[in-house]
Amino acid sequence: MKRFTAASPIMRIPRLFTGCVRTLRAKRIPKPELSNRKRRVLLVDDESALTHLCRLMLERTDSFVVQEENLGSRAVSTAREFRPDVIFLDIQLPGKDGHSIAAELQCDPYLRGVPIVFWSGSLSCKKNVVANSHGCWPALPKPFSTEELTQFAHDPSYKTARA
């Protein structure tokens, strides 16, 4: 009968471990390509007609999944449930303004990386960035075109089509 020494089980453990790691690596499921995935857009505005119209414009392109929220008090909870890729947020909401909602979104660990695009009728056409103590975000003045809305939904950067 062969007798095991203290060194022989130690020699076998790394081989067993590396074999398990290899099998785990082989069974990984590849992530779906981001280009094929529809972008998730959250629209927050107190005007339900505007959010519904924007939802129709974005969904018509077949590139977006859109969620509407018309109460500022529920905007953060809706964002937590929906997990959007970009948030369009009105600055002047009854009860809670857009800046305080943006501050709450930036404090949430799951939502702090989500880009926010402010939209408002009080913005001038030349103003393309809204800044406060919580950060700087791109701005989309109302009224806007379908192309501008779609452009910001795809790439929420600081540039606008009107610049």
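Predicted model: local features only at pLDDT ≥ 70, side-chain atom pairs only at ≥ 80, totals over all residues.
The chain holds five helices and six strands (DSSP runs, H or I over at least four residues for helices and E over at least two for strands, numbered from the N terminus). Residues are numbered from 1 along each chain as its sequence is written, and side-chain values use heavy atoms, with hydrogens and water left out.

**The chain as a whole**

- Of its 163 residues, 36% count as buried (under 20% relative accessible area, with exposed meaning over 50% and partly exposed in between, for a 1.4 Å probe and protein chains only).
- Among contacts with a separation of 6 or more, 58% join residues 24 or more positions apart (a contact means heavy atoms within 4.5 Å).

**Val41 in strand β1**

- Val41 belongs to strand β1, residues 39–44.
- Val41 counts as buried because its relative accessibility is 0%.
- Setting aside residues up to four places away in sequence, Val41 touches Leu58, Phe64, Val65, Val66, Gln67, Phe82, Val86, Phe88 and Ala153.
- Glu68 is 27 residues from Val41 in sequence, and their C-alpha atoms are 8.6 Å apart.

**The aromatic cluster**

- Two aromatic pairs are found in the structure (rings of Phe, Tyr and Trp, the last by its six-membered ring, pair if their centres lie within 6.5 Å; planes under 30 degrees apart count as stacked, over 60 as edge-to-face and the rest as tilted).
- One of the pairs is Phe88 with Trp119, a tilted arrangement with 5.4 Å centre to centre and 45° between the planes.
- That pair links distant parts of the chain, 31 residues apart: Phe88 is in strand β3 (residues 86–90) and Trp119 in strand β4 (residues 116–120).
- Phe88 has 0% relative accessibility, so it counts as buried; Trp119 is buried too, with a relative accessible area of 0%.
- Trp119 also pairs with Phe144: the ring centres are 5.5 Å apart and the planes lie at 15°, so this pair is stacked.
- Here again distant parts of the chain are linked, 25 residues apart, with Trp119 in strand β4 and Phe144 in the loop between β6 (135–141) and α5 (146–154).
- Phe144 is buried, as is Trp119.
- Together, Phe88, Trp119 and Phe144 make one aromatic cluster.

**Charges over rings**

- Lys142 places its charged end over the ring of Trp119, 5.8 Å from the centre (the criterion is NZ of Lys or CZ of Arg within 6 Å of the ring centre and within 35 degrees of the ring normal).
- Arg40 lies over the face of Phe82, at 4.1 Å from the ring centre.

**Ser120 in strand β4**

- Ser120 lies in strand β4 and is buried, with a relative accessible area of 1%.
- Beyond neighbours within four places in sequence, Ser120 contacts Asp90, Ile91, Leu140, Pro141 and Lys142.

**Helices α2 and α5**

- Helix α2 (residues 48–60) packs against α5 at an angle of about 70°, with the axes 10 Å apart (axes are lines fitted to C-alpha atoms, for helices over the stretch in contact, and angles run from 0 to 180 degrees between N-to-C directions).
- The contact involves Cys54, Met57, Leu58 and Arg60 of α2, together with Thr146, Leu149, Thr150 and Ala153 of α5.
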